[in-house]
Amino acid sequence: MAGNATEYIKHHLTFWKSSHEGFWSIHVDTFSVSLILGFLFVGVFALVAKNAKLENPGRLQLFVESLVEMVNTQVKEIFHAESKVVAPLALTIFCWVFLMNAMDMLPVDLIPQIAAWIGSTFFGADPHHVYFRVVPSADVNSTFAMSISVMFCIIGFSIKAKGLGGWGKELLTAPFHAHSPILVAILAPVNFAFQMVELIAKPISLSLRLFGNMYAGELIFILIALLPWGAQWILGAPWAIFHILVITLQAFVFMMLTIVYLSLAVEKH
């Protein structure tokens, strides 16, 4: 029984990898699900924008408008510079990350079983060697990709606000300021090291926070699935209700920290 449980857990935590090995290997399941959810988000919002009505708006339009208003409110309170990019970026982050997190609410065996059936029926694969993980945000590669993108946005916003020379000067003169040229030269390597640590820590913290919460949630659902059917409902239902809050909160935190980091990037130190 323990051996079967171990194999079950390993199977559900194994990615569908491309034929390449090592660094160039692609997690096909993570990439495909993320892409589908991204197109779903864009398609729904484009449809609502195309069919928007001033009088008697539908429920979907009201829901989308409430999301847009919520994000705009957060951006106005935190980001005080002028930018037409931050609000759409924040909205995209919140909705996309939420959709990726929400895949954790699907039954644990649903998508893997469908993938195993398709693989064995149409491609002649051994169903025991067909893998499909359905939660993109439980893949550290996915969360790191998003957080690194945020880091490049931080650098871009800093350069746009301060100029390339101003940004470079800040890297060498903050957080420890000095007026003497000798002290400036002495503190420059220290300041640069601190700035690099701060810059790198932001994407790492963004990535690992989201990954850790979603990986833990996915693992708990897998462990619950190993229990008898009655126990699955007794433990699974409360955890699923609680996990809805986790899913939403993690998407909100990722969005809020992105806004905060971009706000700090345009401020002069």
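I started by counting elements: the protein has 8 helices and 0 strands. I'm working from a predicted model, so I keep that in mind throughout. Reading along the sequence, I wrote the pattern down as α-α-α-α-α-α-α-α.

**Entry 1: overall numbers**

I looked up the extent of the C-alpha trace next, and along its principal axes it spans about 70 × 55 × 35 Å. There are 269 residues, and buried ones make up 37% of them. I also checked how far along the chain the contacts reach. Taking contacts between residues at least 6 apart in sequence, I found that 72% join residues at least 24 apart.

**Entry 2: the core**

Which residues touch the most other members of the largest nonpolar core? I got two names, Val75 and Met255, in a core of 50 residues. Then I listed the elements that give two or more residues to this core: H2, H3 (59–78), H4, H5 (110–122), H6, H7 and H8. H8 gives the most, with 10 residues.

I stayed with Met255 for a moment. Not counting residues up to four places away in sequence, Met255 touches Met70, Val71, Gln74, Ala90, Ile93 and Phe94.

**Entry 3: H3 against H8**

Val75 and Met255 turned up again when I looked at how H3 meets H8, as both are part of that contact. The two helices pack at an angle of about 35°, and their axes are 10 Å apart. I noted the crossing of H3 and H8 as right-handed. On the H3 side, the contact is made by Met70, Val71, Gln74, Val75 and Ile78. On the H8 side, I wrote down Phe252, Met255, Met256, Ile259, Val260 and Ser263. Sorting the residues of this contact gave 9 nonpolar, 2 polar and no charged.

**Entry 4: H2 against H4**

The crossing of H2 and H4 is right-handed. H2 brings Ser34, Leu37, Gly38, Phe41 and Phe45 to the contact, while H4 brings Leu91, Thr92, Cys95, Trp96, Leu99 and Met100. I sorted these residues too and got 8 nonpolar, 3 polar and no charged.

Leu91 is found in helix H4. Is Leu91 buried or exposed? Its relative accessible area is 13%, so I put it down as buried. Leaving aside neighbours within four places in sequence, Leu91 is in contact with Phe41, Phe45, Leu67, Val68 and Val71. I also checked Leu91 against Thr73, 18 residues apart along the chain: their C-alpha atoms are separated by 11 Å.

**Entry 5: His243**

I went back to H8, which covers residues 229–266, to find His243. His243 has a relative accessible area of 1%, so it goes on my buried list. What is His243 in contact with, leaving aside its neighbours within four places in sequence? I found Asp104, Met105, Asn213, Met214, Gly217 and Phe221.

**Entry 6: the loop between H6 and H7**

Time for a loop. Pro175 is found between H6 and H7, and a cis peptide bond joins Ala174 to Pro175, with omega about 10°. Phe176 lies in this loop too, between H6 (140–173) and H7 (181–225).

For partners of Phe176, I noted Leu187, Val190, Asn191 and Phe194, not counting residues up to four places away in sequence. Asn191 is 15 residues from Phe176 along the chain, and the C-alpha atoms of the two are separated by 6.4 Å.

**Entry 7: Asn56**

My last stop was the loop between H2 and H3, where Asn56 has its place. Asn56 isn't a glycine, yet I read off a positive phi of about 55° for it. Buried or exposed, then, for Asn56? At 71% relative accessibility, Asn56 counts as exposed.

Conventions: Residues numbered from 1 in each chain as written. Predicted model: local features only at pLDDT ≥ 70, side-chain atom pairs only at ≥ 80, totals over all residues. Heavy atoms only, no water. Left-handed = near helix turned anticlockwise from the far one by under 90°. Helix = DSSP H or I, 4+ residues; strand = E, 2+ residues; numbered from the N terminus. Contact = heavy atoms within 4.5 Å. Nonpolar A, V, L, I, M, F, W, Y, C, P; charged D, E, K, R; others polar. Buried < 20%, exposed > 50% of the residue type's maximum accessible area, 1.4 Å probe, protein only. Core = buried A, V, L, I, M, F, W, Y, C linked by side-chain atoms within 4.5 Å. Axes fitted to C-alpha atoms, helices over the stretch in contact; angles between N-to-C directions.
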